[in-house]
Amino acid sequence: MQILPGWAVLPTQTARIAGSEGADAKRPEVEKELKQVILIMSENAPLRKSVERKQVQILAMKLLTMPGPTAAEGYLTYSQRIAKEKGLPVEYKGPPEKRTIHQQPFSMIQLEETTDGTRQYISQYVTTRGQALLQFLLISPDEDGLKTLEPLIHSVQFTAAKPAKKPAAKKAVTKPKSN
C-alpha cells in the first residue's frame, strides 16, 4: 500500500478505531476474534483535532475457520445491522459493493460517523486472506477529502507469504572419550 509522505503513524495501542463501539458483539463468522491494528496513519496537522484530519486505518481479525466467498460482504452487512440495533452514531450509505483491486476481491461500503459532534466520512473496504478478515478504513472530515484517499486503496497489493525458515538443526556435541 502506498504510504503518504508527511503523514504521521499513530501508536496503535492508544488510537480509537472507527466504528469500534459495537466491536464486542458476537458475529456469525467472527465469534471469538483476535483483532489487531496493523496501521493507523493520519495527516500531520497538529493544530487540528483528530476528527478533523484524514486518516487511514488497517485492522485484521483472525477467524476461527476459513471464510467463505461472502465473508467480507457478510461482515459489512452484519456491522450495518448491529449499528442500527445499537443506535450507534453511524449512517451507512447503501449496501456493500463488490470491488476487485489487483485480483483481490473486496466488499466496500460508504458510511458517515459522528464523533464528538463532528461528522466523518468513511470508505470501509473488507477482504479476507487465509483465516484473516482485513479492513481498510479511509476516513476524512469531508467528502472531497475522502475522494483524495481513494488512490491509496487502489495501491494495495498482496504478495504471497514467504515460507517460514526452519531453525538450523543443532549438531550433536560429542565429548571426547577419556582413557
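**Exercise 1. How many bridges join β6 to strand β7, and in which sense do the two strands run?**

The model is predicted: local features require pLDDT of at least 70, side-chain atom pairs count only at pLDDT 80 or more, and totals for chains, interfaces and linings use all residues. Residues are numbered from 1 along each chain as its sequence is written, and side-chain values use heavy atoms, with hydrogens and water left out.

Step 1. Locate the elements: β6 covers residues 104-115, and β7 covers residues 118-129. Strands here are DSSP runs of E with at least two residues, numbered from the N terminus.

Step 2. Apply the pairing criterion, by which two strands pair if DSSP finds at least two bridges between them. Nine bridges join β6 to β7, and the strands run antiparallel.

Step 3. Identify a bridge: threonine 114 has arginine 119 in β7 as its partner.

Step 4. Inspect the connection. β6 and β7 form a hairpin with two residues between them, and aspartate 116 in the turn has a positive phi of about 50°.

**Exercise 2. Determine how strands β4 and β5 pair with β6**.

Step 1. Strand β4 (residues 90-92) pairs with β6 in the antiparallel sense over three bridges; glutamate 91 is bridged to glutamate 112 of β6.

Step 2. Strand β5 (residues 97-101) is also antiparallel to β6, over five bridges. Arginine 99 has phenylalanine 106 of β6 as its bridge partner.

Step 3. β5 and β6 form a hairpin with two residues between them, where histidine 102 in the turn has a positive phi of about 50°.

**Exercise 3. Classify the aromatic pair of phenylalanine 106 and tyrosine 125**.

Step 1. Rings of Phe, Tyr and Trp (its six-membered ring) pair if their centres lie within 6.5 Å; planes under 30 degrees apart count as stacked, over 60 as edge-to-face and the rest as tilted. The whole structure contains three aromatic pairs.

Step 2. The ring centres of phenylalanine 106 and tyrosine 125 are 6.2 Å apart with planes at 85°, so this pair is edge-to-face.

Step 3. Phenylalanine 106 lies in β6 and tyrosine 125 in β7, so the pair ties together parts 19 residues apart in sequence. Tyrosine 125 is buried, at 1% relative accessibility.

How values were computed. Buried means under 20% relative accessible area, exposed over 50%, partly exposed in between (1.4 Å probe, protein chains only). Helices (H or I, at least four residues) and strands (E, at least two) are DSSP runs, numbered from the N terminus.
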